[in-house]
Each structure stands twice: as C-alpha cells, then as structure tokens.
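Please keep the sequence and the model in view while reading.

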Amino acid sequence: MTWRPRLAEGTAPVLVVLLLLLVGLAIAGPAYDEPSGYLALLKRAAPLMILAIGQYFVIVSGGFDLSVGALVTAGVVIAARLINGSESATAWVILFVLGFGLLVGLVNGLVTTKLLVPSFIVTLGMLLVLDGAIFLWTGGAPRGALSAGFRMFGRGAVDVPVLGAVPWSVLILLAILAAAALFMRGGTGRALVAAGDNEAAVRLSGGRVDRLRLLAFVLSGLLAAVASILLGGFASVSAQVGNGLEFRAITAVVLGGVLLGGGRGSVVAAAAGALSLEALFTLLNLLGVSGALESAVQGVIIIAAVAYAALGSGVRQRLRLWPKQRNPERPAQPASS
Amino acid sequence: MSALEENTVPVTRKVTRPAFHRRLTPVAIVYIALAALLVVGSVLVGLRGEVLLDQAGILNIFTRATALGLVAIGQTMAILTGSLDLSVAYLVGLTSLIAAETMGGRDGMIVPGVLLALVVAAGVGLVNGLVITVLKANAFIATLGVALILRGYLEDTYTGPAGDVPRGFQHLGYDRIGPVPVAALLMLAVAALSWWYLSRTRPGYHMYAVGGDIEVARLSVVPTRRTIVTAHVLCSVAAGLTGIYLASRLGSGAPYVGTDAGYDLESIAAVVLGGTLLAGGRGGVVGTIGGVFILATLDTIFDDLEVDPFFKDVVRGVVLVTAVALYARRMTANRARGRLT
C-alpha cells in the first residue's frame with residue numbers, strides 16, 4: 001500500500017490546478033512575492049467563494065440555485081436604500097439583508113420540495129421575480145448610500161497578532177469555510193450528500209430528504225446574503241452587482257470536482273474551485289489577456305475540468321504504471337450500435 | 001412488478017374514469033390558459049377603451065412570438081432528449097452578425113449569408129453535442145462553456161452592430177399577410193416540421209427514448225450519442241434561424257441581440273411552460289408554441305395597460321413556477337392512480 005493523503009474524492013485535481021495558478025501568479029506578478037498579495041487575492045475571491053459554498057450545498061443535494069446572482073443584487077440595493085448613509089441603521093439592515101436571503105432560500109426550498117417543481121425552474125422564476133422587483137422598486141437606478149460601518153466588512157481589516165492586517169472578508173470566509181467543512185462531516189452533511197446520490201435510499205432508511213433539501217436552499221440564500229454584504233463593501237451600488245454570479249458560482253463548484261446532479265464532491269474543493277477561478281482571472285489580467293477573452297478561457301477550462309472528471313478514471317488508469325484490475329462494474333455492451 | 005407494489009395499489013383504483021383525465025394533457029392546459037389569458041386581457045384592455053386583438057395587437061403578439069418561438073422549438077428538442085442548451089443566446093447574436101456581414105448590403109449575397117450562418121450554427125451545435133457525448137460533460141456545463149467561448153469571441157471582435165442587410169432581405173422581417181407577419185408563418189411552419197419530425201419519424205422517437213431513460217434506450221439499441229448530437233445540431237440551427245430573422249429585422253447584425261432578450265433562460269422557460277418535462281422524455285413542440293404565445297400575449301397586454309416593464313419579469317417568474325407546479329401535481333396524482341401519463 002502506498003500512502004495517500006486523506007482527501008475527499010475529486011479534491012486533488014482542483015488543488016493541483018490552484019497550486020499551479022498560484023505559482024504562475026508568483027512568477028508573473030511582483031505583487032505576489034509576499035503574503036499580502038495573496039491576502040488581497042483571497043479578499044477579492046471571498047464573495048465568490050462564499051457563494052460557491054452555498055451553491056455546493058444545493059448542487060450536492062441534487063439541485064441548482066440560479067437565484068443567487070439576483071439575490072446578491074437585491075441585498076446590495078436594499079441595503080443602500082435602507083441605510084441611506086445613516087450609520088445607526090447599519091446593524092438592523094445587516095440583519096434584515098441576512099433575513100431576506102434566508103426567506104428567499106426558504107421559498108426556493110419550499111416550492112421545490114412541496115410543489116415538486118424542478119429547482120432549476122423554481123430558482124429561474126425567483127431570478128426573474130427578484131430582478132423585476134428590484135428594478136421596479138428602484139426604477140432602474142438604485143438610490144441611497146451604504147454606511148462606512150456596512151462597508152467595513154468588505155473593505156476593512158483587523159490586526160491579527162502574527163499575520164498583520166487581515167481583511168474582515170477573509171476572516172468571515174474562513175469562519176464559514178470551517179463551519180461548512182465541519183457541517184459536511186457531521187450526520188446532516190453526510191445525509192445531504194446521500195440525498196443527492198440516491199434519494200430513494202435515503203428516504204427508505206428514514207432520512208428526511210425534503211428537510212435536507214430545504215436546508216440546502218436556506219443555507220444557499222443565507223450565504224448569498226453574506227456575499228452581498230461583502231460585495232457591497234468594495235463594489236459600487238448598482239443594479240448589476242450580481243449579474244452572472246450564479247453561473248460563476250456553479251462554474252466554481254464544478255471546477256471543484258463536484259458532480260452536477262448531486263451525490264459527490266467536497267465543500268472545500270468547491271471553495272478551492274472559486275479561488276482558482278479568481279486566481280485565473282488575476283493571472284490572465286497580469287498576462288495582458290484582454291478582458292473580453294477572459295470568458296472564452298473560462299469556457300474552455302470548465303469544459304476541460306468536467307471532461308477530465310468524467311473521463312478521468314479511464315485516463316488515469318492508462319497512465320498508471322501497474323494498472324489495477326479492469327472495472328468490473330461496466331455493463332456488457334450490446335452487440336451492435 | 002414486484003409483489004409489494006401489487007399489494008399496495010388497490011385494483012379498483014386503476015380503472016377510474018381515464019377518459020376525462022387523459023383529455024387534460026399539459027398541452028390542453030396551455031391552450032386553455034392561452035385562451036383564458038386572451039379573454040381576460042381583452043376585458044382589461046377593453047376597460048381602458050382600447051382593443052387588445054386589433055390589427056396592431058395581433059401583429060405585436062406574432063412579432064414577439066417569432067424570435068422566441070424559433071429558439072424555443074430548438075430548445076424543445078434539446079430538452080426532450082434530456083439535455084439543454086445555454087449557448088443559444090450568444091449563438092443568435094453570432095449568426096445575426098455572420099448573416100449581415102456576409103450579405104454586406106448586396107442582394108446577391110443573401111443566400112450565401114443565410115447558408116453560412118446556418119452552417120456555423122450547425123457547427124456550434126455539433127460541438128455542443130460532441131462535448132456532451134464524447135467528453136461526457138454535463139449538458140449544463142458543456143453548453144455554458146460553449147456560451148462563454150462564444151461570448152469571449154463576440155466581446156473580443158465586435159463593439160457594436162456590424163454588417164448590412166440588403167433591403168430585399170428586410171422583407172422577411174417586415175412583410176405581412178393581413179395582420180400576420182410572414183416570418184411568424186415561417187416560424188409556425190418550422191414548428192409543424194419539428195412536430196412531424198418528433199412524432200412521426202424514427203429519429204424523433206429516439207429523442208423521446210433517450211430523454212426518458214438513456215440506459216434503457218441504449219440497451220434497446222437506440223443510437224444514443226447520435227440522437228443527442230442531432231438534437232443539439234437542430235437546436236443550434238433553430239437559434240441560427242432566429243439570428244437570421246433578427247438580422248433582417250434590425251438591418252444589421254448585433255452581438256448582444258440574443259443575450260439582451262435573455263433567449264437562453266427565456267426559451268427554457270417557454271419550453272417548460274409548454275408542458276415539456278425539464279428532465280426530458282415527455283412533451284413536445286405544440287405545447288412549446290403555446291407557451292411562447294402565452295409569454296408574447298402577456299407582454300402585449302402589459303404594453304397596452306402601460307404596466308411598468310419590470311413588473312413583467314415578476315409576473316413571468318410567478319407564471320412559470322405556478323405552471324410547472326400544476327403539471328407536477330397532475331403527474332403525481334396520475335402516478336397515485338397507477339397511470340404513467
């Protein structure tokens with residue numbers, strides 16, 4: 001037996017990709033010679049990583065959440081309108097935004113589980129409703145301003161003894177990541193993955209699949225609200241903050257080796273996928289690739305990542321020096337076709 | 001049938017009035033809803049002293065339905081096969097540019113322009129299909145990836161509208177017979193052709209089979225890969241037709257004409273609204289056309305009532321989710337009665 005690190009299935013490739021990207025950054029950009037450069041990268045990546053963690057819960061349990069981008073926009077716009085520059089309102093507005101995210105997640109989850117509508121459609125409907133409602137409410141041009149207290153979470157930093165100034169967003173991210181990793185190791189987390197893998201089996205063994213799915217959507221909505229608070233900190237208030245974030249988060253999760261359709265993948269890998277995506281964009285920027293081609297590169301990479309994951313076992317088998325026995329599970333091929 | 005199942009389903013339940021329930025298929029519901037919408041809309045618009053279904057109103061509904069209808073017909077094939085296509089919006093923009101730039105204002109280049117646009121569209125569909133079948137990528141990711149690649153190309157190459165459509169070709173976009181645009185009739189002809197293909201030909205049946213259960217289809221010697229690739233090629237060609245139509249309407253090609261209208265998610269919404277199962281294997285083009293006309297009629301009614309345009313999105317979202325919830329309820333109710341349809 002050879003020693004193997006204890007990693008969840010599918011985690012290794014994304015970590016290798018991430019490492020390569022970080023090495024690439026160190027070579028390409030002088031800013032990445034010291035820790036502060038990487039800390040800045042982590043700070044930029046924090047909202048997407050948090051969204052990816054939320055999206056992971058939904059995807060691993062067998063669903064999609066297309067509403068997170070619209071939810072991020074809604075969070076920022078609502079906060080700006082309600083705070084309107086007054087410092088004293090910050091605390092309850094933050095609670096309100098978090099509650100709003102929770103509520104949206106709850107509605108998504110309830111419609112999916114009780115009315116049996118596919119989550120793709122439910123969250124697509126939610127996307128339309130949120131986008132329309134935000135534009136309706138603001139008339140297309142969001143008003144109001146965020147307070148300094150609100151922006152602190154996205155912009156500010158705290159002094160940590162050894163590391164120096166660590167951005168708030170990084171601390172929040174690490175806390176969420178640790179909590180998510182612990183949660184996925186516990187019984188509920190495992191049941192969530194099992195529900196995505198084989199719903200009937202979980203149901204027959206006494207698991208409450210509907211509750212688990214509901215929980216996944218609520219967590220996704222809540223984390224999208226957290227991401228909107230962080231994004232509100234360093235982006236300007238506009239009705240386009242969250243545009244396309246849902247697809248970016250799904251891309252990140254898939255890049256992390258999580259299976260669409262559920263049942264496989266780890267939450268840390270999903271977050272690593274988001275960080276890789278952000279590192280990739282930074283690297284492309286440093287290399288002078290135009291912003292327009294960025295999305296083309298993103299497209300090629302996600303196809304490659306998924307193809308690798310799907311075909312990977314075969315490729316790995318061929319690359320291995322001493323191949324193991326052939327996969328006995330493969331069903332016999334029909335004679336023709 | 002296992003013994004367990006036979007014991008739990010009472011035999012008498014199986015024969016309760018199948019005729020009535022069978023008649024109300026999702027397709028029937030869609031068209032009843034469309035009729036109800038037209039009546040309610042006419043009354044509401046009538047209260048303002050206007051007429052919904054006058055010349056301009058009918059023209060408006062058909063014009064709105066044409067572009068979305070073409071995309072949605074293609075999307076129906078992809079979804080029926082158990083796949084879906086998120087790249088259609090960018091493809092619409094790309095093909096409109098290819099058609100307009102090839103034509104370059106010359107009447108003689110109309111046919112080459114149209115053909116080139118369709119060939120490129122078919123090529124994109126082929127790539128979609130091959131990435132899904134050969135590279136075994138999930139359809140969502142495969143077509144999202146292709147969409148991002150198309151977007152990168154469009155953003156890198158074009159800054160705004162380009163190309164020039166000759167006046168002769170603009171007839172396609174603007175000619176009409178009475179209140180009905182010619183292009184809408186062509187769209188309905190494409191729909192009829194797809195209906196025939198899906199319900200009367202072997203490759204069409206294969207699409208249902210693959211969408212229903214790909215393993216069963218494979219074991220029944222259905223060429224699953226070829227079927228999926230065909231569905232994606234047809235889906236992309238339909239998007240290409242939309243691009244050509246929009247080029248003839250706009251007089252030039254526009255890179256973001258597809259994404260601004262949100263044809264990717266909008267077409268999926270129309271297909272699902274039309275009663276096709278998102279998971280594939282059940283549904284059809286007839287329902288999709290009904291779904292498209294519901295969305296177009298809603299838009300027209302809101303225009304006539306001068307409702308805030310953003311309110312439309314809210315209503316659309318609610319209508320979409322409600323409709324699919326209704327279909328889901330019917331299916332579970334039928335399952336409980338021991339029927340599959």
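## A loop residue in chain B

B:Glu306 is placed in the loop between α15 (285-304) and α16 of chain B, where helices (H or I, at least four residues) and strands (E, at least two) are DSSP runs numbered from the N terminus. Although B:Glu306 is not a glycine, its phi is positive, at about 55°. Most residues other than glycine have a negative phi.

The model is a predicted one, in which local features need pLDDT of at least 70 and side-chain atom pairs count only at pLDDT 80 or more, while totals for chains, interfaces and linings use all residues. Residues are numbered from 1 along each chain as its sequence is written, and chains are lettered from A and ligands numbered from 1 in the order in which they are written.

## Loop residues in chain A

A positive phi is also found at A:Leu116, about 60°, although this residue is not a glycine. A:Leu116 lies in the loop between α4 (90-114) and α5 (119-138) of chain A, and with 14 other C-beta atoms within 10 Å it is partly exposed.

A:Leu66, in the loop between α2 and α3 (68-83) of chain A, is buried, with 24 other C-beta atoms within 10 Å. Leaving aside residues up to four places away in sequence, A:Leu66 touches A:Phe120, A:Thr123, A:Leu124, A:Leu127 and A:Glu246, a contact being a pair of residues whose C-beta atoms, placed from the backbone, lie within 7 Å. The C-alpha atoms of A:Leu66 and A:Met184, which are 118 residues apart along the chain, are separated by 22 Å.

Chain A has 13 helices and 2 strands, and 49% of its 337 residues are buried. Among its contacts between residues at least 6 apart in sequence, 79% join residues at least 24 apart. In helix α8 (residues 187-197) of chain A, the residues A:Ala191, A:Leu192, A:Val193, A:Ala194, A:Ala195 and A:Gly196 are buried, and the buried residues of α8(A) pack against α2 (35-60), α9 (199-204) and α10 (209-234) of the chain.

Apart from residues up to four places away in sequence, A:Met49 touches A:Leu173, A:Ala271, A:Ala274 and A:Leu275.

## A helix pair in chain A

The axes of helix α11 (residues 245-255) and helix α12 (residues 267-286) of chain A come within 7 Å and cross at roughly 115°; axes are lines fitted to C-alpha atoms, for helices over the stretch in contact, and angles run from 0 to 180 degrees between N-to-C directions. On the α11(A) side, A:Arg248, A:Thr251, A:Ala252, A:Val253 and A:Leu255 meet A:Ala270, A:Gly273, A:Ala274, A:Ser276 and A:Leu277 in α12(A). By class, this contact has 6 nonpolar, 3 polar and 1 charged residues, with Ala, Val, Leu, Ile, Met, Phe, Trp, Tyr, Cys and Pro counted as nonpolar, Asp, Glu, Lys and Arg as charged, and the others, Gly among them, as polar.

Chain B has 16 helices and 2 strands. Its radius of gyration, taken over C-alpha atoms, is 21 Å, close to the 20 Å that the globule rule (2.2 Å times the number of residues to the power 0.38) gives for 341 residues, so chain B is as compact as a globular protein of that length. Within helix α5 (residues 88-103) of chain B, B:Thr95 is buried, with 33 other C-beta atoms within 10 Å. B:Thr95 and B:Gly243 are 148 residues apart in sequence and 5.1 Å apart in space, C-alpha to C-alpha.

The contact between the chains takes 41 residues from chain B and 39 residues from chain A. On the side of chain B that touches chain A, the elements giving two or more residues are α7 (139-157), α14 (263-273) and α16 (309-336) of chain B. The residues of that side divide into 28 nonpolar, 5 polar and 8 charged.

Conventions:
A residue is buried if 20 or more other C-beta atoms lie within 10 Å of its own, exposed if 12 or fewer, and partly exposed in between; C-beta atoms are placed from the backbone. Two residues are in contact if their C-beta atoms, placed from the backbone, lie within 7 Å.
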